[in-house]
Amino acid sequence: MSTSTKPKPITIFDTTLRDGEQSPGCSMNLNEKIEIAHALVDLGVDVIEAGFPITSVGDFEAVREISATAKGATICGLARCRNQDIDRAWEALQNGDNVRIHVFLATSAIHREFKLRMDKEEIIRRAVEGVKRARNLCDNIEFSPEDASRTEVDFLCKVVEAAIEAGATTINIPDTVGYATPDQFGKTIKSLVNRVPNIDKAVISVHCHNDLGLAVANSLSAVENGAGQIECTVNGIGERAGNCSLEEVVMALRTRADVYHAATRINTPRLVPTSRLVSNITSMQVQRNKAIVGRNAFAHEAGIHQDGVLKERTTYEIMRPEDVGFSQTDLVLGKHSGRAALMDRARTLGYHLDEEQLKQVFDDFKKLADKKKEVYDGDIAALIEQRHTQIADQWQFVSYNIEATSGQSPSASLTLARGDEQFTVTQTCGDGPLDALFHAIEEITGQTVVVRDFRVQSASRGKDAQGESIVEVEHNGRVYRGRGVSTDTVEAGTRAFLNAINRIEIDS
Ligand code: KIV
Ligand code: ZN
C-alpha cells in the first residue's frame with residue numbers, strides 16, 4: 001500500500017473569458033481578452049476557455065488569436081453538440097499547439113423536456129456524435145452534461161460513460177443554475193467515480209455557479225470526492241451570480257491542504273494583480289470585503305485584532321497578504337522615470353505591452369507626470385486601460401467646451417473623431433455639464449441609451465489623483481459599461497460614456 005502524501009494535482013480551468021464575459025456589461029474587446037489571457041498564463045492556470053466561437057466574430061477571433069499566441073496553457077473553445085459549432089470551434093483552435101474543444105449538451109429532465117424536446121436516447125446519441133466529431137479533430141475533448149446537478153444520477157452515469165467511450169478526456173459536471181449543495185454535489189461526484197466503469201479514462205471536472213453562494217464550497221466538496229479539475233473565473237464573474245471564484249478556491253485548497261490534500265499550479269502572488277486587471281477591464285468592481293482579493297481582506301479594524309496581529313500574525317491571519325499579491329509598496333514614478341521603470345511597473349501590474357503600446361503609454365505617462373508629481377500604480381493601470389479601450393475605427397474623444405452656471409441649462413460643445421473625420425455639436429439641454437455632454441455624444445454617434453449608473457472615483461491617491469469614471473448604460477435590453485480616466489473628472493465621465501457607446505457598436 002502506498003503511504004505517499006503527495007498532494008493530488010488539481011487542474012485550474014479558467015473561464016473568465018467565456019462564462020465570465022457572460023456577466024451583464026462585461027463584454028471585452030479583442031485587445032482586452034488577449035491582455036487577460038496573458039495574465040492568466042502568468043497566473044499559472046492550466047486551461048483557458050477563450051470563448052464560444054460560433055456565437056460571434058469577436059469570440060471566434062479571440063479564440064483564434066489566443067490559441068495561436070498564448071503559450072503555457074491549454075486553450076479551449078466551447079461548442080454545443082452541433083456540427084457547425086464544433087467545426088467553427090476547431091477552425092478557431094487549429095493553429096494552436098495545445099488546444100481543447102469543449103462540447104456540451106443539457107441532460108436534466110427540465111432541459112430535455114422544455115428546451116431541447118429530446119428524450120434520453122436522443123440525448124445520448126447526440127452527445128456521442130458531438131464528442132466523436134470533436135475527437136476526430138482534436139485529441140483533447142471535454143464534455144459537459146449541462147445542468148448535471150439536476151439530472152437523474154442513473155442517467156447522468158449513462159451519458160458520462162457514453163461520452164468517455166466516444167472519446168471525451170475530461171468530463172465536466174456543471175451546476176448550471178447554482179442549485180447544488182456541497183454534500184449532495186459531492187455525492188454526485190462520488191457516484192460517478194463508483195458507478196461509471198470507464199471513469200478512469202477521463203478527468204472529472206466541476207463547473208459551479210454561485211446562485212446560492214455555494215460555488216466554492218461545492219467545488220471543494222467535489223475535489224474531496226474525486227474531481228481533478230475546477231472551472232472558475234477571476235473575481236467569480238459569470239452568468240447571474242457568477243461562477244466559482246478562482247482566487248477563493250485556490251487559496252482554500254492551499255490554506256487547508258491538510259483537509260484537501262490537493263495542490264494547484266497557481267502562482268498565488270499574481271492573484272491580486274490579476275483580479276485588479278480583470279476588474280479594470282470589465283469595470284466590475286470587487287467588493288471591499290471579498291475574500292482574498294478585496295481591499296479589506298487583510299485589514300484589521302478591531303483594536304484587539306490589531307494588537308493580536310502585532311504580537312503574532314497568526315492570531316488573526318490565516319494567510320499572508322504577500323502570498324496573494326498584496327504588495328507592501330505602491331512604487332511611485334515621476335517625470336524623471338524612464339521607459340524601463342514604466343515597463344517594469346506595467347508587468348508587475350499584469351500588463352504585457354509590445355513596443356508600440358509601450359511607446360504610446362510612455363507618452364501618456366509623461367503628459368500625466370507633468371500634471372501630477374507622483375504617478376502611482378492606479379494611475380499607470382488607468383493609462384494602459386485607456387489605451388486598450390481605444391480601437392482605431394471607433395469614436396475617439398477630442399475635446400469639449402462647457403459654459404455652465406448653477407440653476408441654468410449648460411451649453412456644451414463636443415468634438416469627437418472617427419478615423420480622420422471630426423464631428424462637433426453644441427448642446428444646450430441637460431441637467432448639468434455631463435448630461436449635456438452625454439446628449440452631445442448621442443447626437444453625434446446616433447446611439448441612444450438609458451444611463452443606469454454613473455460613478456466617479458479616484459484612480460490612485462492624493463488631491464491631484466486622476467478621476468476614474470464608470471458609466472453603466474442600457475441599450476436594447478443589454479447592459480454595457482464604459483470606463484474613462486482623466487485628471488479632469490468631466491472629461492473622465494465623457495470618455496466613460498463614449499467607451500460604453502463604442503462597446504455597443506462592437507456588438508451591433
Ligand atoms: O453553466 C454551464 O452549464 C456552462 C456549460 C457550458 C459548461 O457554462
Ligand atoms: Zn456556466
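The model is a predicted one.

**The interface in numbers**

- Contact between the two involves twelve residues of domain 2 and 13 residues of domain 3.
- About 1000 Å² of area is buried between domain 2 and domain 3, and carbon and sulfur atoms give 48% of that area.
- If you are looking for charge pairing, the count between domain 2 and domain 3 is zero salt bridges.
- For polar contact, the count between these two domains is one residue pair, with both residues at pLDDT 80 or more.

**The domain 2 side**

- Helix 15 (355-371) and helix 16 (377-389) are the elements that each give two or more residues to the side of domain 2 touching domain 3.
- Helix 16 supplies the largest share of that side, with seven residues.
- By residue type, the domain 2 side that touches domain 3 has four nonpolar, three polar and five charged residues.

**A look at Lys372**

- You will find Lys372 in the loop between helix 15 and helix 16.
- Lys372 counts as buried because its relative accessibility is 1%, below the 20% cut-off.
- A polar atom of the Lys372 side chain lies 2.8 Å from the backbone oxygen of Glu374.
- Beyond its neighbours within four places in sequence, Lys372 is in contact with Asp379, Ser460, Arg461, Asp464, Ala465 and Gln466.

Key: Residues numbered from 1 in each chain as written. Chains lettered and ligands numbered in written order. Predicted model: local features only at pLDDT ≥ 70, side-chain atom pairs only at ≥ 80, totals over all residues. Heavy atoms only, no water. Contact = heavy atoms within 4.5 Å. Buried area = accessible area lost by both parts, 1.4 Å probe. Salt bridge = Lys/Arg side-chain N within 4 Å of Asp/Glu carboxyl O. Polar contact = N/O pair within 3.5 Å; in protein donor to acceptor, adjacent residues only side chain to side chain. Helix = DSSP H or I, 4+ residues; strand = E, 2+ residues; numbered from the N terminus. Nonpolar A, V, L, I, M, F, W, Y, C, P; charged D, E, K, R; others polar. Buried < 20%, exposed > 50% of the residue type's maximum accessible area, 1.4 Å probe, protein only.
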